[in-house]
Every structure is written in C-alpha cells, then in structure tokens.
Amino acid sequence: MSTEHALRAHLLAAGLAGPVSTQREKSLLRYRMFAARDPRALLGLEPARAWTVPELLALMAAECGVSADPGLVRGADTIDPVRTVAALDRFAERLSQAASRGQPVLFGTGHPSRLLDFYADLAAGLSAAGCPVLTPGAGRCVDITTRFGVRTYGLSYVRGVALVRVAGARTSLDAPGAHTHSPLPLRVALEAAATGRGPLPALVVGDHGWVCGAGQLGVEAMGPADADDPAVFVGQAEGQVAVAVPLDDSARSECYRPLTRYVLKRACLSQ
C-alpha cells in the first residue's frame with residue numbers, strides 16, 4: 001500500500017475527508033455570508049471581486065470536493081481526500097523550500113484545541129532545520145468582537161504556535177486557548193514583528209484569520225480549511241493564499257498526527 005493511499009484511507013476513517021462533521025446547511029450559510037461580505041466569513045480577506053453563491057459553490061466543489069448540486073441543502077458535507085493529499089504535497093513542498101532557505105516562519109491557529117499539535121510539530125521540524133520560528137507580540141492584548149460582545153484576549157505562544165487566551169482568565173499555560181476566526185491576532189503579531197528587532201515572517205502557516213489575514217497583507221500564507229471556509233479557497237483562487245488544504249478542522253487532535261508525519265517526511269524534515 002502506497003503512503004498516499006494509506007493517508008487517504010486515514011483521512012476517510014478519521015472523518016477528515018469524505019463525509020465530514022461540517023453540515024451542508026452551515027457551509028451554504030457561510031457561502032451566503034461571504035457573498036454578502038460579512039466579516040465573520042471573510043476571515044480578514046478582502047476579495048478582489050464580488051463572488052456570488054453559485055460561484056462559491058463551484059469553487060468549493062472544484063478545490064474542496066463538496067457537492068456542486070445547489071439542491072443539496074442538508075446532511076454531512078464532503079471533502080475529497082485526493083484533493084487533500086494533493087494540497088498536502090504542495091504544503092510540504094513549500095515547507096521544504098522554507099527549510100532550505102532558512103526562512104523565518106510564523107505559526108498561528110484559531111483552532112488550538114484541535115490543530116495546536118499539528119502546527120507545533122511542524123514548527124519543531126523547521127526549527128531543527130535552522131528556520132527561525134517567530135513569536136512576536138507575546139503578551140499583547142487583542143480586542144475581538146464575539147457573539148457575546150467585544151472581549152479582550154492575550155496573544156500567547158505554545159511550542160512556537162500563536163493563539164489567544166481570554167485576558168485575565170485563570171488558565172494553565174498548557175490550556176489550549178480560545179477558538180477564533182478573527183484576523184486581529186495575526187495583525188497584532190505582524191505589527192509587533194515590524195516594530196521589533198526581529199525578522200518579519202517570510203511565511204505564515206495557520207488557519208482562519210491567520211492565513212487569510214496574512215495573505216491579505218501580502219505575506220505568503222498557507223494552511224488547512226474546512227468545507228465551510230470559502231475565504232481560504234477564494235484567497236487561493238485570487239492569489240493571496242499559497243496553499244489551501246481541504247480538511248475537516250474539528251476532529252480530535254490525535255487524528256492529525258498521520259498528516260504531520262506525512263508532511264514532515266515529504267518535506268524532508270522528519271526527526
């Protein structure tokens with residue numbers, strides 16, 4: 001059995017591709033929100049042109065593998081594992097280039113309870129290869145609008161990966177942090193990098209507002225995106241996002257370990 005075949009089998013077995021936990025109703029709602037330029041769906045991206053819902057559905061069918069049938073409005077959405085593996089290959093190739101060039105890389109996640117280990121292991125691989133893994137703006141405050149109003153979060157780093165925690169909350173340093181789609185943490189980190197003495201990132205690896213926010217500001221960015229994250233795929237289509245990896249982003253953390261091993265091996269970063 002080939003490595004690629006084994007990975008596709010794992011993606012299906014773990015629910016990372018094939019029928020996924022993301023519901024079709026949610027995906028279609030996010031497509032409508034994106035078409036209306038709702039900031040909650042844009043993730044920090046400012047599309048170069050208007051996108052209609054039919055255009056978004058066609059794009060997501062082509063790049064992610066969701067059904068192109070507009071009459072399908074309920075049930076589990078789908079992600080094509082073949083597209084996932086192909087995108088992971090491009091993702092690994094870019095990491096390999098960063099390693100060979102010794103480029104500074106910034107990792108960040110809005111899904112810390114799910115994807116922190118995935119990013120942290122990639123960060124460790126790049127660091128061992130001589131790439132600076134950046135941690136700008138640690139401890140700075142970020143005001144983010146939530147459904148409960150504006151809340152203040154603190155920018156933090158765990159194993160080289162940026163995330164946010166509720167400011168003032170009594171949480172362990174090992175606590176995963178808060179879930180967010182906002183691009184504001186990325187902007188705070190980049191501002192800190194720009195005004196500090198360290199290097200600016202040549203590459204941002206992350207999800208949600210981290211990947212779209214960086215791409216919008218002209219920093220090369222890539223990362224995973226679910227079936228209800230059209231902004232990342234639009235960013236890729238318009239040239240702001242280098243690689244969008246179609247992937248269910250809400251599975252258990254351990255489900256992503258085979259993907260980490262695959263990417264590190266393909267990028268020649270295995271330790």
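In these legends, buried means under 20% relative accessible area and exposed means over 50%, with partly exposed in between (1.4 Å probe, protein chains only). The model is predicted, so local features need pLDDT of at least 70, side-chain atom pairs count only at pLDDT 80 or more, and totals for chains, interfaces and linings use all residues. Residues are numbered from 1 along each chain as its sequence is written, and side-chain values use heavy atoms, leaving out hydrogens and water.

View 1. Helices (H or I, at least four residues) and strands (E, at least two) are DSSP runs, numbered from the N terminus. Welcome to the overall picture: the C-alpha atoms fill a box of roughly 55 × 50 × 35 Å along the principal axes. Of the 271 residues, 53% count as buried. Among contacts (heavy atoms within 4.5 Å) with a separation of 6 or more, 65% join residues 24 or more positions apart.

**View 2. L43, in the loop between α3 (39-42) and α4 (53-63).** Most residues other than glycine have a negative phi. L43 is not a glycine, yet its phi is positive, near 60°. Is this residue buried or exposed? L43 is buried, with a relative accessible area of 1%.

**View 3. C268, in the segment after α10 (257-266).** With 69% relative accessibility, C268 counts as exposed.
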